[in-house]
Amino acid sequence: MSDFHGMDDLLQDFLVEATDLLSGVDNKLVDLERAPGDRALLNEIFRGFHTIKGGAGFLHAAELVTLCHLTENLFDKLRNGELEVTPEIMDAILDATATVRHMFGYLERGVQPPGAEAHLLQDLKNAVAGQVGVAVAVPAVALAPVMAESLAATGPDWHALHAAVTGVLIANNGPASRAANVYVAEASSTAFGRRATDKPGNIQMSGRREGERVRETAIRVDTARLDQVLNLSGEIGLTKNRLNALRSDILNGKQDGETLQALDAAVSQLDLLVSDLQNAVMKTRMQPVGRLFQKYPRIVRDLARGLGKEIEVELAGEDTEIDKTMIEDLSDPIIHLLRNAVDHGVETPSERLALGKPTKAQVRLEAHQEGDHIVLLVSDDGRGMNPENLRAKALEKGLITDEEANMMDERQSLNLVLLPGFSTAAQVSDVSGRGVGMDVVKTNIQKLNGAIEIRSTPGKGTTFTISLPLTLAILPVLLVRLGEQPFALPLSMVREILPVQPDEIQEIGGRATMVVRGEVLSILPLASLLGWEQVNAPEYGVLMQTAESSFILAIDAFAGREDAVIKSLDDFRPKGVAGVTTLSNGQVVLILDIKELLASRGDTRGVSRQALLAKLAEAA
Amino acid sequence: MSDPKMKFLVVDDFATMRRIVRNLLKELGFANVDEAEDGAVALQRLQGGGFDFVVTDWNMPNMDGLQLLQAVRANPALAHLPVLMITAEAKKENIIAAAQAGASGYIVKPFTAGTLSEKLSKIFEKQNAKAA
């Protein structure tokens, strides 16, 4: 049930805008740590909280108003020079920002946020009053007896735990107890090395919270782009009128050259306008990736601080535009990659000093467009990865066999880190290294029809390259034929096309294979993947590359390539079919989901040479 | 003087807030509303003419509400315009500063259509009294 009945629109608007604002504030806070006396910066941060407070008031989010108000007061004093930024004040401010973000989480779910933790409010009040450094984290010792006691009962008593950590008793149940849940989990896991008050900046980044995050449904579009859409649809209307007039002319028997020429001109104009309109509509969904990047410097800062590392985040290409849905789906993978870079990639300052590197490590996040792809780079100048070590580790964990390990090249070895259950950190830290995450990164990227590649130089650093299609709505496909039936394959998986010569087919281990430039690849006939009978001997092979393997898909013929507009089959989705598209002649074609086809088949061992060539022999 | 056709300029850097004010004005029957995202933009729009009423936020980048108010009062072509200040501050010194700069009214966030209506009618009354 929503606490915001009748204000849903307003709430959406507020959240979109305020979240942006808060990300901006977060970044400015990171800058502020470097330049604590910068008045302009202080002023901007002040205004951020002030604006959020104003909006929250209209939503009757009293707790949010209270928190913002206190923080704003603090900044008022800071910007007027009455107070100076101290590490304690900074901690309180960062804590406040994190809590504001947490409250946004409640608003997103249509629930009034519970109050901020009392010690935070007290910290802020103390800071405003000029008393600094009063906040003391409750010693971890206090936690232990409570934990033991409550665990002895039916399970952890979150209220008692929360009370032990924060020194506050939760009065009401409802959302507040859920909040306690989150806070305690974080506070206790970060108890050593970090102060309990020093929460990671973005609570959402702890990811896997009961999947309660609601997708943003509102989008901000530049009015110029909307105007363009409007303009184009108007012109299409005019062209339609022209066509209507021509139609009645033609139906009335007027079929002279002039009329037909006018018809031709009108149709080509419509053609142009429609593709322009498609582009323009697509553009309304495009958002600068900077909105996504904004929140990362803060996250990295918090992580680095917790681990005692010095890291500078460099952002580049924030203006690059990506489809909005992709921006949302990219958020978690990039956080994982950054966490990894901070935790595993970058060395501690003393290690770096010993290696003759600058103590401050660089983590770089970059986006740019390459043809019809968007490329995202996450790189660090840390210790890099050693393919040898990775193979040994994977072997030890039983993720690969001895034989596989011996056959792996450097690229494949590096890709091992993307396997589920792979974690190179000898000790599991609270930041990363649970062996989950990297495989999630890969799955998420693949869901977006993207690919991820790893390059690493031991001692120099690691770069993760994510390449993504510009949009998810249009998919370049290769049309292949099996008999008379066309099928579409995502072009992103196609490496090359080659003829299948019977005398080049060899049988290894009972399956048909071909050697392509020294690489032994098994041949899988499309017919057998689909469960069809092989009618003709295949004439062509498509070298398909998935993240795990490469193979040759044997087909009968080609029908060209096309930019398919995907219609997804929402209610009815046969296995192995990603969607359908319509060809220019009106024919409906299935777009195949090769990975699913391979998986549904269970074994990908292929067929024997004989089975493959039986028909050929028959024909000959 | 409260002509439903009169044209409002709502000035705020926060789009959500502009929308809130616009909706409240609409509730009160004023549908002719234009928006500006800071004082500098607002001043430009006002100089273009055609506006009858300004509702402005205080805290904005580039040119804040108080500066806008001062600029409006200093401009003979605009000086007559009623300016209603909206702010989250109920501090005495702020209210005094606004009054000294010649604000026609002062309203503290958050407010309801009722409060806004009350402030507006007070301003209209004053104007009518002046005109009479």
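**Close-up views of a predicted two-chain model**

**Figure 1. Pairing of strands β1 and β3 in chain B.** Val11(B) faces Thr56(B) of β3(B) across the strand pair. This view, like those that follow, is taken from a predicted model. Strand β1(B), covering residues 8–11, runs parallel to β3(B), and the two are joined by four bridges. Helix α2(B), residues 39–47, packs on the sheet and touches β1, β2 and β3 of chain B. The direction of this helix makes about 165 degrees with that of β1(B).

**Figure 2. The five-stranded parallel sheet of chain B.** The strands follow the order β2-β1-β3-β4-β5 in an open sheet of chain B with parallel pairing. From one strand to the next, the twist averages 20 degrees. Helix α1(B), residues 15–27, lies across β1, β2, β3 and β4 of chain B, and runs at about 165 degrees to β2(B).

Figure 3. The UniProt record, an unreviewed entry, places the feature "modified residue: 4-aspartylphosphate" at Asp57(B). Asp57(B) belongs to strand β3(B), which spans residues 53–57. Its relative accessibility is 2%, and Asp57(B) therefore counts as buried, the cut-off being under 20%. Leaving aside residues up to four places away in sequence, Asp57(B) touches Val11(B), Asp12(B), Asp13(B), Gly65(B), Ile86(B), Thr87(B) and Lys109(B).

Figure 4. Lys109(B) and Pro110(B) are joined by a cis peptide bond, with omega at about -10 degrees. Most peptide bonds, by contrast, are trans. Pro110(B) is located in the loop between β5(B) and α5(B), the latter covering residues 113–131. Ala88(B) and Pro110(B) are separated by 22 residues in sequence, while their C-alpha atoms are 7.4 Å apart in space. Ala88(B) itself lies in the loop between β4(B) and α4(B), where α4(B) comprises residues 92–101. With a relative accessible area of 13%, Ala88(B) is buried. Its contacts, not counting residues up to four places away in sequence, are His50(A) and Lys53(A) from chain A, together with Val108(B) and Lys109(B) from chain B.

**Figure 5. Helix α1(A) against helix α1(B).** The axes of α1(A) and α1(B) come within 8 Å and cross at roughly 155 degrees. The two helices are therefore roughly antiparallel to each other, a term applied to angles over 145 degrees. On the side of α1(A), the contact is made by Asp9(A), Leu10(A), Asp13(A), Phe14(A) and Glu17(A). On the side of α1(B), the contact residues are Ala15(B), Thr16(B), Arg19(B) and Ile20(B).

**Figure 6. Helix α3(A) and what covers its buried residues.** Helix α3(A) consists of 18 residues, 62–79, and reaches 25 Å from its first C-alpha to its last, close to the expected 26 Å. Its buried residues are Leu64(A), Leu67(A), Cys68(A), Leu70(A), Thr71(A), Glu72(A), Leu74(A), Phe75(A), Asp76(A) and Leu78(A). The elements that cover them include the chain A helices α1 (8–34), α2 (39–58), α4 (87–108) and α5 (118–128). Gly81(A) follows α3(A) and has a positive phi, near 80 degrees.

**Figure 7. Two residues other than glycine with positive phi.** Most residues other than glycine have a negative phi. His60(A) has a positive phi, near 60 degrees, and is found in the loop between α2(A) and α3(A). His60(A) counts as exposed at 57% relative accessibility. In chain B, phi of Asn62(B) is positive, near 65 degrees, and the residue is found in the loop between β3(B) and α3(B), residues 65–74. Asn62(B) is exposed, with a relative accessible area of 69%.

**Figure 8. The five-stranded mixed sheet of chain A.** Five strands of chain A form an open sheet with mixed pairing, in the order β16-β8-β9-β18-β17. At the edges stand β16(A), residues 557–565, and β17(A), residues 577–582; each has a single partner strand, so one side of each is left without a neighbour in the sheet. The twist averages 35 degrees from one strand to the next. Strand β8(A), residues 474–482, pairs with β16(A) in the antiparallel sense over eight bridges. Leu475(A) stands opposite Ala564(A) of β16(A).

Methods:
Residues numbered from 1 in each chain as written. Chains lettered and ligands numbered in written order. Predicted model: local features only at pLDDT ≥ 70, side-chain atom pairs only at ≥ 80, totals over all residues. Heavy atoms only, no water. Expected span 1.5 Å × (residues − 1). Buried < 20%, exposed > 50% of the residue type's maximum accessible area, 1.4 Å probe, protein only. Contact = heavy atoms within 4.5 Å. Pairing = 2+ DSSP bridges. Axes fitted to C-alpha atoms, helices over the stretch in contact; angles between N-to-C directions. UniProt positions renumbered as here; feature names shortened; annotations may be inferred. Parallel < 35°, antiparallel > 145°, perpendicular 65-115°, else oblique.
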